[in-house]
Structure formats: structure tokens, C-alpha cells
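Reader: I have a structure on my screen and want to learn how to read it. Can we go feature by feature?

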Amino acid sequence: MTDEIAPITPLRRRLIMWLVTGALFMEILDGTILTTALPSMARTFGTSAVALDIGISAYMLALGVLIPASSWLADRFGSRRIFVTAIAIFTVASALCGQAQSVPEFVALRVLQGIGGAMMTPVGRLVVMRHTPRDQLIATLSALIWPALFAPVVGPPVGGFITEHLGWRWIFYFNVPLGVLALLAALWLIPDVRGPRRRFDWTGFALTAVGVFALQIGLEHSARRIDALGLGLVCAGLAMLTITMAHLRRSPNPLLDLGALKIPSFRAAVSGGSLSRMAIGAVPFLLPLMMQAGFGYGAVHAGLFVVALFSGDITMKALVERILRRFGHRNVLTINGVICAASLLSLSAIGPHSPAVLVAALLFVNGLARSLQFSSLSTLAFADVDRTAMGDANGLFNTILQLGAAAGVTAAAMSVHAGDALAGAVGLNGQGADYRFAFIAMAVLSLGGVISALKLPHEAGRTLTTG
């Protein structure tokens, strides 16, 4: 029997939201911050930077495999206990990562860190959504998604700065005091809500784990090199997840209840919406590479343009709720989806000699559009989900979000590879032509989300924007 969800004060709810937002930022940042530190770490461990990519992959794989089980754990053992345990694991693993003396030791500790992250943010989001009145979900979920936009952008430059001035081990040491503060705050703030007791679906967990593992490994491999191994792993992962879906539909106690997929708004947010998020998520990956590898800019020069992108993200945060209340989810996702695609397309037209003011303006507009699209999709997903079904819907949404992020980077990387051969055919020549071609591909990909939005009923998301 589900425990009654007791009301909490607006101040406590706001403090919980800040705590969960900070935890989400820390978790996503740790997935990207190591990129620029790999050469220094490689020298410490006596190996190559490429060989250390496994440390990033191990962390992301642990997240992907364990996120589906996070909702069951919160229901079974209580949200406070799981959230606090997750922060403790993440903090201890961070401290130990900073002490690692070999590659195998480092990879094992990154897996442990990923285990903490896999329980930390999905459970935190679930707590926030269960205690937020429906008419305040837009503002709340919009605040919760900014780390997903910001952390991938700032991760590499922050990692480079820390590595250069303090050493790569401090990337992990900085998590320790933050983790201790978060732990104390969680013990004070997080309510101990439990869900219905149900048996753990070991078969569903095993099928999901194998499917997600194969798909993520295949996507990451394909982002670096397109060959039979990568494509085979992707196909195997998709096949296994298809089998998993069939099992979850038949099981009396599924790991994740797929009932949310019957809701049109949720289904649109995770199907066509995934295409939009893939294109949006590709920008922080493509932009620094195009600026540095394509145009020959230095890291500082490229970083200044990243600031313009993030400025657009932040500016839109204050406007999201008013825009959605005024125009509705369907109109916003359709019209802003076209603007988003156009802004991605505009980035294919810039070059190393483009006026800096023009480039910054285009990136600012892209930041506005991507922030509004991401926020609209995230709020639409839970607009019509019953509060009692939030746990399974949240677990399913976070799993798809995790896979979509990997798929977006892979699609962008494959587009860069294709640009080597096809850029000239579409009239792109000169420095960075392959990266500019990739922005065209991402613009086309994002239009898939617009097509999905057009199929939404006009009243989609109305429960969040009325009252």
C-alpha cells in the first residue's frame, strides 16, 4: 500500500529543488569534465589518453544500466534513504577516484561513482515531482533541466582549468565538500516517501541492463569509428530492448510499468521529442570541436562563444512558463522547433572569418531556442501522468534521456565523418566544412520532433498551463 504523500511547505519544496538541481549538475558534470584532463591523467597512469576514455564510458554505462531500477529502490526503501545513500556513494567514490593509482582501479571507482549518480538524480527528480502541485510543474521542471544544458558546455573548460592549475585529482576532490553538504541537506530536507511494495523484476533488470549496455557501447564505439562491431552492438542492443519491452508488458510486476507510453503527451515527449533532444544535445559536442579543430581557434576564444550559447539558455529560463501559458505546448514545440532547426542551420554558414558579434548572436538565439524546446518537452512528458504513476514514468523517461544523449553525440560524430565526403556536394568548402555539414544534419534531425509535435492535440499540456 502506498504511503500518503504529506504536504510540505513552499520553502522546503524550493530548498529540495535547489538540492536536487545541484546534485543533477554535479552528476552530469562528472560525465563530461574529464575530457580535457585525459592527457594529464594518461601521463600519471603511464598510458594513452585514448585508453582512458574507458573511464568516461564506465561512468555513463553505470548510469544507463542502473537508472531503470532507481524508482523501485525509492519505492521499496524510501526516497530519503536511497537519495542519501546515493550521495554518500558518489562522494566516497569521488574521493577514491582522486586517489586512484592505476587504470583498472580508476575504472572500477568510476563505476562506483556511476552507481551513486544513477540513484541520486532520478530519485531526487521523483521527490520534487511528487511534492510539486501540478500548476507549478512547469517552473519546477524548467529549473531542473538547466544542468543538462549547462554542464556539458562548461565541463570541458572547467576540467581543463582545474587540471592546469591544481592537477586532475582535484576534479574529484572538489566533489567531496559539496557531497558532504548535500548529504546533510538531504537528511534534513528529503521526505521519506515510499511506494507500493512489489517484487523486484530480476528478469526485466537483466534484459534492460544487457540491452542498454550493448546499445551504449555500440553508440560510443560508432561515435569514434563506424564499423561492423559498432553497428552490430547497436542492433543487438535494440533487439534486446525490444525483447525487454515485450517482457515488461507481460510481467505482473515489471521493473518499469510502460503504462505512461499510452499517454499521448508522454509518448510524444519520448519519441519525436528524443529527436529534438538529440539535436539539442549535439551542440555542446560539435561547437567546441568546430571552433578549435575546424577553425583553429584557441580554447579561450572558443570558450567565449560557449558563453554566448549559455547566455541564451539562462535568459530563456525566466520566460519559459509565460510562453507556455500564453501559447500552449503544441504551438511552442511546433514553432520553436522550426526556429531551433533554423538556428542549427545558421551555424553551418559561419566560418573562421565570420564577425564575432554575428557568431555570438547566432549562438545566443540557438541557446534561447534549445532551452525553450528542452523545457517544453520535459514538462509535456509529465503533464498528464498521474501522481501515483510518477515513479515508473520518471524511471522510463530518465532511461530514454540517457540513451538519447549517447545517440545524439553518435549522430553528430557520424555526421562529421560523413561531412568529409559530402560537404562539397552541398556547397560547403574550406575550414570546418565537415563540422558545418554536421550542423545541417542536426537541423534536419530536429525537424523530426516538429513532425511529432504537429500530431499533438491542441490541449496537450493544458493541465500545467491553466489554473
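Reader: Which residues does valine 332 touch, not counting residues up to four places away in sequence?

Author: This is a predicted model, so every contact here is computed from predicted coordinates. Valine 332 touches Ile323, Leu324, Phe327, Gly337, Leu372, Gln373 and Ser376. Valine 332 itself lies in helix α15, residues 329-347.

Reader: How far apart are valine 332 and serine 376, in sequence and in space?

Author: Look at both numbers together. The two are 44 residues apart in sequence, and their C-alpha atoms are 7.6 Å apart in space.

Reader: Is valine 332 buried or exposed?

Author: Check the relative accessibility. Valine 332 has 4%, so it counts as buried.

Reader: Let me try threonine 163. In which helix does threonine 163 lie, and what does it touch?

Author: Threonine 163 is in helix α6, residues 137-165. Setting aside residues up to four places away in sequence, threonine 163 touches Ala37, Ser40, Trp168 and Ile171. At 14% relative accessibility, threonine 163 counts as buried. Now take phenylalanine 174, eleven residues along the chain from threonine 163: the C-alpha atoms of the two are separated by 12 Å.

Reader: Next, charges. How many salt bridges does a search of the whole structure find?

Author: The general idea comes first. Side chains of opposite charge can pair when their charged atoms come close. In this structure the search finds two salt bridges.

Reader: Where does arginine 370 come in?

Author: Arginine 370 forms a salt bridge with aspartate 313, and the closest N and O atoms are 2.9 Å apart. This pair links distant parts of the chain: arginine 370 sits in helix α16 (residues 356-381), aspartate 313 in helix α13 (residues 299-317), 57 residues apart. Both arginine 370 and aspartate 313 are buried.

Reader: What about glutamate 321 and arginine 325?

Author: Their side chains meet in a salt bridge, 3.1 Å from N to O. Count along helix α14, residues 320-327: glutamate 321 and arginine 325 are four residues apart, so about one helical turn separates them. Glutamate 321 is partly exposed, at 26% relative accessible area. Arginine 325 is partly exposed too, at 30%.

Reader: Which residues of α8 are buried?

Author: Asn175, Gly179, Ala182, Ala186 and Leu189 are buried in α8. Seen down the axis of α8, the buried residues fall within an arc of 105 degrees, so they line one face of the helix. On the other side of α8, Leu181, Leu184 and Trp188 are exposed.

Reader: Which residues touch the most other members of the largest nonpolar core?

Author: Phe83, Phe266 and Phe382 do, out of 62 residues in that core. Helix α5 (residues 103-131) gives the most to this core, with eight residues. A second, separate core has 35 residues, including Val212, Leu286, Met291 and Val306.

Reader: What is phenylalanine 382 in contact with?

Author: Leave aside its neighbours within four places in sequence. Among the contacts of phenylalanine 382 are Arg125, Met129, Leu137, Met390 and Phe397.

Reader: Last, cysteines. How many disulfides does the count come to?

Author: The count comes to zero disulfides. Cysteine 97 is buried, at 0% relative accessibility. Cysteine 340 is buried as well, with a relative accessible area of 4%.

Technical notes
Residues numbered from 1 in each chain as written. Predicted model: local features only at pLDDT ≥ 70, side-chain atom pairs only at ≥ 80, totals over all residues. Heavy atoms only, no water. Salt bridge = Lys/Arg side-chain N within 4 Å of Asp/Glu carboxyl O. Helix = DSSP H or I, 4+ residues; strand = E, 2+ residues; numbered from the N terminus. Buried < 20%, exposed > 50% of the residue type's maximum accessible area, 1.4 Å probe, protein only. Arc of directions from axis to C-beta. Core = buried A, V, L, I, M, F, W, Y, C linked by side-chain atoms within 4.5 Å. Contact = heavy atoms within 4.5 Å. Disulfide = S-S within 2.5 Å.
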